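Subject: Structure handover

Hello,

Here is the structure to look at, with the sequence alongside. My notes on it follow below.

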Amino acid sequence: MSPFWVKTISLILSLGLLVFVHELGHFSFARLFHVWVERFYLFFHPQFQIMRWNPAQHKLEFFVRNDDSTTEESAPTAEPTDDEVKEKQSWRATTYGIGWLPLGGYCQMSGMIDESMDLETMKQPAKPWEFRCKPAWQRLLIMVGGVLFNFLTALVIYAGIVYTQGESFVAYSDAVEGMKFSPSAINAGFRDGDILLTADDRPLTYLTGESLSDIIMAHRVTVLRNHADTVTITLPDDFLFRVNNDVENGDSFMSYRLPVYIGQLSPGMGAEKAGLQAGDRVTAVAGVATPSFDELTAALDEVKGQDVIIEFERNGVVDSVTAAIDEDGKLGITLLSPEKVYKVTKREYSFLEAIPRGIVLGWTTLTNYVKQLKYIFTPQGAKSVGGFGTIGSIFPDTFDWVEFWNITALLSLILAVMNILPIPALDGGHVLFLLIELISFGKIKPSDKFLEYAQWVGMFLLLALLVWANGNDIYRFLIK
């Protein structure tokens with residue numbers, strides 16, 4: 001399967017799961033407080049739906065048009081009967097479905113102004129099963145339910161990963177050749193070979209997304225240079241954007257700097273013909289020292305098409321051979337991975353140990369993401385906002401379930417943060433109005449007309465953001 005389809009399927013699976021969890025959060029609290037949920041849908045369904053289930057009518061349908069509605073509303077009455085109240089508060093009164101457009105989902109509650117814009121219901125007398133009839137604190141919990149479920153889901157995923165996989169890593173201190181940095185990092189003061197020590201006085205242990213974020217967001221980073229000097233690097237305020245530009249150009253911010261230990265030899269090329277073996281360490285090319293792969297490629301580039309002396313170390317003994325370098329500057333070797341070159345630290349977690357570790361990973365990831373939000377409101381940040389293409393691109397080219405769950409946990413936290421922003425039409429907008437109502441003891445309560453206008457404004461803003469983010473993706477793909 002091509003990388004495009006692997007990424008696309010991974011994106012749909014991940015977002016589908018997270019949207020379902022988010023809406024389930026709203027649904028669960030609505031059910032807890034006996035609010036009628038009219039519809040519960042995964043994905044949107046313009047024109048038709050993939051699946052629709054109406055438990056009350058014992059109907060399960062596939063590929064049905066939207067105008068073939070199975071929901072039959074009873075005529076409004078001033079005083080609902082006890083049976084009618086009981087019926088509306090049952091889970092069986094909800095229509096469940098799956099749409100075909102994987103851009104989100106919704107949990108439509110009776111008596112609430114939301115994206116459905118069902119204003120006719122709001123003109124009718126309030127019913128005891130409606131959202132608007134419930135106390136403000138219950139309505140608040142219903143609205144934060146989706147965000148809460150997304151946050152808890154991320155913690156569960158992180159805990160599950162460390163419980164099943166443990167944590168294997170090469171500590172910065174054990175990577176004796178240090179790190180290789182991108183051009184922007186070099187311009188900021190890093191040097192290839194630096195060994196990372198601290199970020200804003202917080203110790204740095206090993207290479208993770210958490211560690212990368214700590215470094216990129218830091219004001220000062222301390223490194224060990226040349227295995228002797230401790231150097232403090234003060235990072236510029238726009239360092240995050242510089243690193244993002246490097247990534248867009250194919251340069252990762254940093255990676256382990258690898259000594260040249262041969263992993264495999266290409267048949268018929270210079271290294272094999274010269275008698276080099278897997279496990280040998282190449283230390284010099286034509287008299288130029290090659291402590292890491294970067295120096296090796298630069299040295300080979302200078303002697304393209306020549307026969308040169310290659311110095312190497314085998315079982316502690318230094319030797320040399322004459323090898324042919326091809327016209328592309330290749331010797332014909334691949335390197336051992338960092339885990340086979342450096343000392344690997346392995347941490348195993350019991351079930352009870354995995355829970356607090358998952359909480360730490362989730363909370364750290366959340367706070368790092370929140371710190372980065374401030375950059376969105378700058379010109380450079382606005383240009384870096386990405387849509388579904390950007391999100392999909394972070395999934396690997398081949399199915400890797402550990403990486404899939406890592407990315408899903410991250411997206412779950414991002415979804416939680418974005419939904420709690422105080423923007424009308426988002427959960428955060430409803431939460432803001434409800435907090436005002438609670439703080440004022442019900443004296444300040446937005447009118448239905450105000451909420452209607454706020455909903456329209458919020459939907460316009462979200463549509464504009466969707467167009468901008470995906471427009472950036474198109475620009476980067478087709479033009480930049």
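Met1, Phe4, Trp5, Ile9, Leu13, Phe399, Trp401 and Trp405 make a nonpolar surface patch of about 890 Å². Such a patch joins nonpolar side chains (Val, Leu, Ile, Met, Phe, Trp, Tyr) within 5 Å, taking residues with over 30% relative accessible area and no salt bridge; a salt bridge is a side-chain nitrogen of Lys or Arg within 4 Å of a carboxyl oxygen of Asp or Glu. Areas come from the Shrake-Rupley method with a 1.4 Å probe, and for residues only the protein chains shown count as cover. Two or more residues of the patch come from each of α1 and α14, and the largest share, four residues, is from α1. Helices are DSSP runs (H or I, at least four residues), as are strands (E, at least two), numbered from the N terminus. Ile9 lies in helix α1 and is partly exposed, at 31% relative accessible area. The classes are buried (under 20%), exposed (over 50%) and partly exposed in between.

This is a predicted model, in which local features need pLDDT of at least 70 and side-chain atom pairs count only at pLDDT 80 or more, while totals for chains, interfaces and linings use all residues. Residues are numbered from 1 along each chain as its sequence is written, and side-chain values use heavy atoms, with hydrogens and water left out.

Next, helix α15. Its 13 residues (427-439) should span 18 Å at 1.5 Å a residue, and the end C-alpha atoms are 18 Å apart, which agrees; the expected span is 1.5 Å times one less than the number of residues. Buried residues in α15 are Asp427, Gly428, Gly429, His430, Val431, Phe433, Leu434 and Glu437. Their cover includes α1 (3-32), α4 (136-165), α14 (401-420) and α16 (448-478), where contact means heavy atoms within 4.5 Å.

On backbone angles, most residues other than glycine have a negative phi. His34 has a phi near 60°; His34 sits in the loop between α1 and β1 (37-44) and is partly exposed, at 41%. For Asp200, in the loop between β8 (195-199) and β9 (202-203), phi is near 50°.

Finally, the cysteines. A search of the whole structure finds zero disulfides (pairs of cysteine sulfur atoms within 2.5 Å). For Cys107, the nearest cysteine sulfur is that of Cys133, 17 Å away. Cys107 is buried, with a relative accessible area of 6%, whereas Cys133 is partly exposed at 37%.

Regards

Key:
Buried means under 20% relative accessible area, exposed over 50%, partly exposed in between (1.4 Å probe, protein chains only). Patches are made of residues with over 30% relative accessible area and no salt bridge: like charges are joined within 9 Å, nonpolar side chains (Val, Leu, Ile, Met, Phe, Trp, Tyr) within 5 Å.
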